[in-house]
Amino acid sequence: MADGGALLGHKKPIPNHDPEKSKDESDLQERSTKKKKDGEHIFSSHSSLPKDYSDVVNMKGFDGEGGSYRDKVTGKTVGGEYGSDKEEEEKGGEEDEGVCMKVEECLVGDYECPNFIFAKQEEKCLYRPWRRGVIVKLLGRRIGYKALETRLKQMWVRKGVINIIDLSNDYYLVAFSNEEDQYAALMDGPWFIYDHYLTVKEWSPNFHPASDTIKELAVWLRISGLPIEYYDSRILNFIDNRVGKTVKVDKNTLTQERGKYARLCVQVNLTKPLLVMFTIKNRKYNIEYEGLHLLCTTCGRFGHYKEGCSEKGMESAAKRDDQGNAGKGDGSCQNAAGSGGDGPWRVVHK
Ligand SMILES: [Zn+2]
């Protein structure tokens with residue numbers, strides 16, 4: 001699991017470490033108090049909204065059998081294309097100061113399709129309870145609620161508590177009560193459950209599980225047979241950065257304790273074929289990926305097995321050709337393209 005590696009210049013924004021936050025929060029409070037004073041004619045009541053995570057967990061039906069709150073939560077994100085039309089949003093805010101929600105009557109074909117619009121301040125209130133939310137999905141395997149809960153509590157719960165909400169499309173929302181726990185979950189990966197990657201990302205407004213796809217993933221890769229002098233953080237980071245975006249280098253690799261293979265963590269783009277080889281001084285080295293079970297060894301893309309690969313014919317032939325040329329005069333390519341349309345990609349099981 002999540003070998004602690006040294007973070008090497010990988011700077012992700014620290015979640016919720018906004019210096020403006022405290023000011024923001026007091027602003028929010030002020031606004032909601034003001035609204036109540038201003039009058040009843042405005043259709044805006046914040047009294048029923050959870051102000052914080054503790055309110056969320058205390059709300060009836062949050063994780064009970066009824067799941068009414070959960071239904072509301074999932075309902076909120078579904079079908080909302082709001083947010084794309086900024087101009088309208090801003091205009092609306094200026095014209096009707098204090099109005100938090102409005103409806104625009106529209107037609108889709110012959111059918112009425114009202115468009116609901118919420119003011120920015122209203123949205124801030126809506127988002128706030130979820131600011132310590134983390135969206136997770138187990139890649140390539142389904143996991144039940146209870147099993148996930150058990151594992152996440154072991155892996156992530158240190159100082160606070162978590163609450164898990166199952167969304168559609170095998171996504172789960174994990175709400176943290178403690179900021180440090182959330183930060184560790186976001187930063188200390190990659191995380192594995194049953195030898196599958198658990199994808200982790202910060203909750204964001206308007207997240208739509210049904211249409212969301214995992215495009216980027218931090219994965220562990222191995223480079224075997226690399227001469228020991230290249231076990232150097234600058235060199236390894238340089239290589240890693242070409243594969244994807246460097247996340248970290250395994251600490252055993254950095255201290256040169258493990259000389260059989262270098263182990264690097266890198267953020268890769270799953271929509272493109274993964275890089276599978278490189279050369280240094282005319283010697284070719286292969287890159288193997290840990291735990292990416294659904295990596296197609298024919299086209300190098302993630303998400304299907306080679307049996308179901310749509311690019312079987314042309315692509316693999318081209319790859320073999322490529323290999324034939326690149327492989328000339330080098331003695332170390334061990335995983336050359338195999339027979340039967342296989343490309344050079346290899347997945348190692350942890
Ligand atoms: Zn394929």
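Good morning. I begin with the zinc ion, whose protein donors are Cys296 (SG), Cys299 (SG), His304 (NE2) and Cys309 (SG), at 2.1 to 2.3 Å from the metal. Please bear in mind throughout that this is a predicted model. Along the chain, the donors of the zinc ion are spaced as C-x2-C-x4-H-x4-C. What arrangement do the four donor atoms around the zinc ion make? The angles they subtend run from 102 to 114°, so the arrangement is tetrahedral. For reference, the ideal angle for four tetrahedral donors is 109.5 degrees.

Cys296 and Cys309 are 13 residues apart, and each lies in the loop between β15 (283–290) and α10 (312–326). Are Cys296 and Cys309 buried or exposed? Both are buried.

A residue from elsewhere in the chain contacts this stretch of sequence. Lys272 sits in the loop between β13 and β14. Setting aside neighbours within four places in sequence, Lys272 contacts Gly300 and Arg301. Between Lys272 and Arg301 there are 5.9 Å in space, C-alpha to C-alpha, although the two are 29 residues apart in sequence.

I turn now to the nonpolar cores. The largest contains 44 residues, of which Ile223, Leu226, Tyr289 and Leu292 touch the most other members. Two or more residues of this core are given by each of β11 (216–224), α8 (233–243), β12 (245–249), β13 (261–269), β14 (277–280) and β15. Which element gives the largest share of this core? That is β11, with six residues. The core also draws on both domains, taking at least three residues from domain 1 (129–202) and at least three from domain 2 (216–348).

Not counting residues up to four places away in sequence, Tyr289 touches Val219, Trp220 and Leu221, together with Val243, Val268, Leu274, Leu275 and Leu295, and finally Arg346, Val347 and Val348. There is also a second, separate core, which has 19 residues, including Ile143, Met155, Trp156 and Val174.

In one of them, the ring centres of Trp156 and Phe176 are 5.8 Å apart and the ring planes meet at 40°, so the pair counts as tilted. Because Trp156 belongs to helix α6 (residues 145–156) and Phe176 to strand β8 (residues 172–176), this pair ties together parts that are 20 residues apart in sequence. Trp156 and Phe176 are both buried. A second example is the pair of Phe192 and Tyr197, with ring centres 4.4 Å apart and planes at 40°, so this pair is tilted as well. Phe192 and Tyr197 are likewise buried. Which residues do ring pairs link into a cluster? They are Trp156, Phe176 and Trp191.

Let me close with the chain as a whole. The chain has 10 helices and 16 strands. Of its 350 residues, 41% are buried. Among contacts between residues at least 6 apart in sequence, 66% join residues at least 24 apart. Thank you for your attention.

Technical notes:
Residues numbered from 1 in each chain as written. Predicted model: local features only at pLDDT ≥ 70, side-chain atom pairs only at ≥ 80, totals over all residues. Heavy atoms only, no water. Donors = N, O, S within 2.8 Å, 3.2 Å for Na, K, Ca; no water. Tetrahedral: all angles 85-135°; square planar, octahedral: opposite > 155°, others 65-115°. Helix = DSSP H or I, 4+ residues; strand = E, 2+ residues; numbered from the N terminus. Buried < 20%, exposed > 50% of the residue type's maximum accessible area, 1.4 Å probe, protein only. Core = buried A, V, L, I, M, F, W, Y, C linked by side-chain atoms within 4.5 Å. Domains from an automatic or database assignment. Contact = heavy atoms within 4.5 Å. Phe/Tyr/Trp six-rings, centres within 6.5 Å; stacked < 30°, edge-to-face > 60°.
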